[in-house]
Amino acid sequence: MTTARPANGTAGTVGVAAGDLAGTPAAPDGRLLRAIVEACGEGVVVCDAGGVVVMVNAAAAGLMPGLAPGRPLTSGAAGALFRPDHPEGDSRRVDHGRRRLLVRRESFGVAHRAWYLRDVTAESARTGALLAERHRTRFLMEAGRRLSASLNTRRCARVTVELAAASLADTAMVVLPPGRRQAGWVRATGGRPLQEGTVGTAATASVPGLAEALAGFPPVPSRWLDPAQVPGWLLPEGFGPAGHLLVTPLPGNGVPAGALVLARREGGSSFDEEGETLVRVFASRAGAAISAAALYQEQSATNAILTADLMPPELPAPAGMELAGSLRAAQQAALIGGDFYDVYLPEPGGPGEPLVVLGDVCGKGARAAVLAGQVRHCLRALLLVERRIERLVPLLNRALRACPSPNPYVTLVLGALRAGRDGHARVDLVVAGHPAPLILRRDGGVSEVGARGPLLGALPQAPVTPVSVDLAPGEVCLLYSDGITEAFGGPGGREMYGARRLKDALATCAGMPVAAVVERLEQISTDWLGGAVQDDRALLAVQARP
Amino acid sequence: MTAPGASAAVDVGDERAAYLELIGRADERGAVGLVLGLLEDGVAAETLLLELIAPAQRRVGELWAANRWSVAREHGATAVSERAVAAIATRAVGEGAPARGRITVACTDGEYHALPTRLLAEVLRLRGWHVDFLGASVPGPHLITHLHRTGPDVVALGCALATRLPRAHATLTACQAVGVPVLAGGSGFGGDGRFARLLGADAWAPTADAAADLLTDEGLSVFPSPAEAPAHLSDEEYTHLTRRRGDLLPRAMTALTRAYPPMASYDARRLDATAEDLGHLLDFLSSALYVDDTGLFADFVGWTAGVLRARRVPAGALEAGLRVFHDELRDFPRARRILTRGIGAARDAGADWET
Amino acid sequence: MLEKTPFRTEVRSTVPGITLLVLSGDLDYDTASELSTLAEGLFSGDVRHLELDLSGLDFVDSSGVAALINVYNAARDRDAAMRIVALTSYLRHMFRVTALDQVFDLPA
């Protein structure tokens, strides 16, 4: 401790007064107190009411070499530390040179103020690092959550740039793997709507490091990239010149999933080593998500092409008739199954009548759907040589018996449609192992067509006899699969819907357009199932035009 | 968003009665001819959809609910309106590729009232959106597969009947989980959209044009923070009731036969109809539990009372059925509270008939 | 959701030379292959007369019918006989619809 002026007031009186009390241990005198303050690890500076230093301990002197008794407290660099408006009793963190200090002020009477200084540089650095780490972890967790949610390439790319623009840079762009002519891109910039576009493949070469990143080469550190070379299309309009650029490949599953381009404005902070590491970790997650999505897109596009043929056809309106159909597959993602229907129109001007077929292939899901597709194609081909339905069916039976797939068993109803007189329509039907069609009359009467025959593909012979039905205008012939009648559900959940209920439901449809009939029956069936879908369900109705 | 100039030339309000008459007769040619004629006279397609067809269909719903139109007539009229919408869409769309974002429009699984949703799809198409309309009763897995494949900006999910709300909730949660915000629409979400908010939809609109107005180019915010499951579901009454449905209904049928002697003489068809009515009551009770809304159930009871009255079922039968459920559901305090309100509503409806 | 009844098979040989196969539960898409495998094993042994008791079957779907056809075809290929000795009215209806009642040996 160095010299001090004679102290008046509180601090000075402590030592004097305490010793006078008889019977109590002697309180430390002024010198002892000074020694105690001197030994304190925290810096202590005492000054008088005029702001002149009266006492500085060693710790304080070490932190602030300029402090000395007799000098004004706020001389030199100390001004920022000892602010006159510092609330009493409060602590403040102040950066001083390379140090961070915790500063506290106390008053002792009216004459003295004491300032306490603590060096918290190391502590702050530890907390700062911890906070930064926590921030990074939270960012990566959020990125993981959002990136894993979608299997759509475009949406994954959008999520990537949104995340990056919110946390890593002023603007972020994903350039997707270029095709032969162009590459798609998505860009997010703080406070602006997302932008999307394409750029010529050749133009990607004009961005420093981009061609390399798109080819999957490891990222080039930001400081080697010259932001001045950035072409105009890379940055959003009105962004201003880029100060810092970082181009990072998005590594996919063995193939690059594009590149992430980040830019910060001039005057913003540069990408430091830690920042670049974070971007690389983020890019690897984004890349994995984008490439998984790309793979899914490719497969589902292939799938869509393969299953397009297995979907029910658009129904035409043959002369004097209306058709409506509905197909609900038990497999709910791709909507394919073993039930099918189709319509075969004669060649324009050619002989023959339109044919309708509704059938059910043994089994479920994709395997059944493939066989159903084969049956439809097979019928189309057989029609070139035979249009009489009672002869078509035995031919189809032979074709199925020659089919190499296991259990190539099919049940179906085949109908030939003819416009009759006075708006009537005639339907010739053959039934092969399938529930017989129902007829809805104008008066609401419902009857079952009296035709039956063997299921196909199982036995050497498949003889069938056609039955002819006459429909007056508005009357309906309904073909359906057993998924409708054998649906378990109802109020108790385990009752079979059955033919009786289907007939009753059909009876309530008298006078409806045929599309409404089919929709109503499907709706009743769905309600009966109560969400527990078990089997494919098909309906196809022919109506003599009302 | 209707075209004021076109409306000034031809007031479609004058055509509504004619249109309703045509669809009431299931006169497809007449109805399609009427709308195409108006289109040629310069009436905007959107005006036809929203100010001619939509109000007519609302009227059809009212007439059916009031038992003035049969189910067959209602279905016929709706089928004709579907054709009219298709005819307008074919004529009016096709000027260039859609310039705005992509939107998937679908009805909740089990939901067959597709026309309001279809109208929204067509209005959005007219306003330049790329629309994928998936139709009635779209199974959840199919919708999600579609979202992955096409990556739309928004899903518009229609739900007309409150009994589909639990499934609508599952679907909209699944859509949000793959990062696509959901715009809920249709009367199933409550006349004021309260169920849409409760179940965490990103937006709600009462009508097709309100929905279309909500969808600006900025779209809805993507990835809202995941909504908490409604707190009242923690009593699991909904779960247990759904699980016990299969036992509860046959028992209720038996109990009702004792409580309401005329049932003993019902034939199979009449019994089916009664079981169906009880099933609907139970489904509405489930939904009321799911969204914790007593009014939802009471409203349905009041409406059922009207339908039964039209079918000449005595007023006491409905109250007897509700009492059976009330007695059976001993361990369901929340369901019992809802049922008590329902019994009150049935009694009020009964009192109305007496006077 | 509908609970399934488990599919069960039981092989009995009461009368010499005749094997009785008793089936119960749901014979459907998930269980049909069990029947085909079982029948294959029986015929590759020395079974010449197979009798089927189907009265315990609750549900048979198209895959189940396929399995029965496969048993019938396997019997014919080996000059063996398949006879159905008991069935439900639901199955009788199903065999009628598929015209298998004209192929299978059914009880009167």
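Is Ser300(A) buried or exposed? At 10% relative accessibility, Ser300(A) counts as buried, where buried means under 20% relative accessible area, exposed over 50%, and partly exposed in between (1.4 Å probe, protein chains only).

## Basis of the report

This is a predicted model, in which local features need pLDDT of at least 70 and side-chain atom pairs count only at pLDDT 80 or more, while totals for chains, interfaces and linings use all residues. Residues are numbered from 1 along each chain as its sequence is written, chains are lettered from A and ligands numbered from 1 in the order in which they are written, and side-chain values use heavy atoms, with hydrogens and water left out.

## Ser300 of chain A

Ser300(A) lies in helix 7 (residues 273-308) of chain A. Helices (H or I, at least four residues) and strands (E, at least two) are DSSP runs, numbered from the N terminus. A polar atom of the Ser300(A) side chain lies 3.3 Å from the backbone oxygen of Gln297(A). A polar contact is a pair of N or O atoms within 3.5 Å; within protein, one must be able to donate a hydrogen and the other to accept it, and residues adjacent in sequence count only if both atoms are side-chain atoms.

## How the chains meet

Contact means heavy atoms within 4.5 Å. Two pairs of chains touch, and chains A and B have the most contacts. Chain B and chain C are joined by no contact, and their closest C-alpha atoms lie 9 Å apart.

## Cavities

A cavity is defined on a 1 Å grid over the protein atoms alone, as a set of points where a 1.4 Å probe fits but cannot get out; lining residues have an atom within 4 Å of a point. Grid points are joined across faces, edges and corners, and a volume is the space filled by probe spheres set on the points. By this rule there are two cavities of 30 Å³ or more. The largest cavity holds about 130 Å³ of space. Its lining has 15 residues, and those nearest the centre are Arg328(A), Gln332(A), Val533(A), Arg537(A) and Asp109(B). Ala, Val, Leu, Ile, Met, Phe, Trp, Tyr, Cys and Pro count as nonpolar, Asp, Glu, Lys and Arg as charged, and the others, Gly among them, as polar. The lining of the largest cavity has seven nonpolar, four polar and four charged residues.

The second largest cavity has a volume of about 90 Å³. It is lined by 15 residues, with Leu310(A), Leu327(A), Ile336(A), Gly337(A) and Asp339(A) nearest its centre. Strand 12 (339-344) and helix 8 (365-382) of chain A are the elements that give two or more residues to this lining. Helix 8 of chain A gives the most, with four residues. By class, the lining of the second largest cavity divides into ten nonpolar, two polar and three charged residues.

## Helix 3 of chain B

The expected span of a helix is 1.5 Å times one less than its number of residues. Helix 3 (residues 28-40) of chain B has 13 residues and should therefore span 18 Å, which agrees with the 18 Å between its end C-alpha atoms. At its start, a side-chain oxygen of Asp27(B) reaches to within 3.3 Å of the backbone nitrogen of Arg29(B). Just after the helix, Gly42(B) takes a positive phi of about 100°.

The buried residues of helix 3 of chain B are Ala31(B), Val32(B), Leu34(B), Val35(B), Leu36(B), Leu38(B) and Leu39(B). Their cover includes helix 2 (16-24), helix 4 (45-65) and helix 5 (71-92) of chain B.

## Positive phi in two loops

Most residues other than glycine have a negative phi. Ser137(B) has a positive phi, near 40°, and is found in the loop between strand 2 (130-135) and helix 7 (140-150) of chain B. At 2% relative accessibility, Ser137(B) counts as buried.

Asp292(B) has a positive phi, near 55°. It is in the loop between helix 12 (268-291) and helix 13 (294-310) of chain B. With a relative accessible area of 38%, Asp292(B) is partly exposed.

## Two further buried residues

Glu319(B) is in helix 14 (residues 315-328) of chain B and is buried, with a relative accessible area of 18%. Leaving aside neighbours within four places in sequence, Glu319(B) is in contact with Ile343(B), Ala346(B) and Arg347(B).

Gly25(C) is found in strand 2 (residues 18-27) of chain C and counts as buried at 4% relative accessibility. Not counting residues up to four places away in sequence, Gly25(C) touches Thr5(C), Pro6(C), Phe7(C), Gly56(C), Leu57(C), Asp58(C) and Phe59(C).

Definitions and conventions. 1 Å grid on protein atoms, 1.4 Å probe; cavity = no way out; pocket = protein on both sides within 12 Å on 5 of 7 lines; lining within 4 Å.
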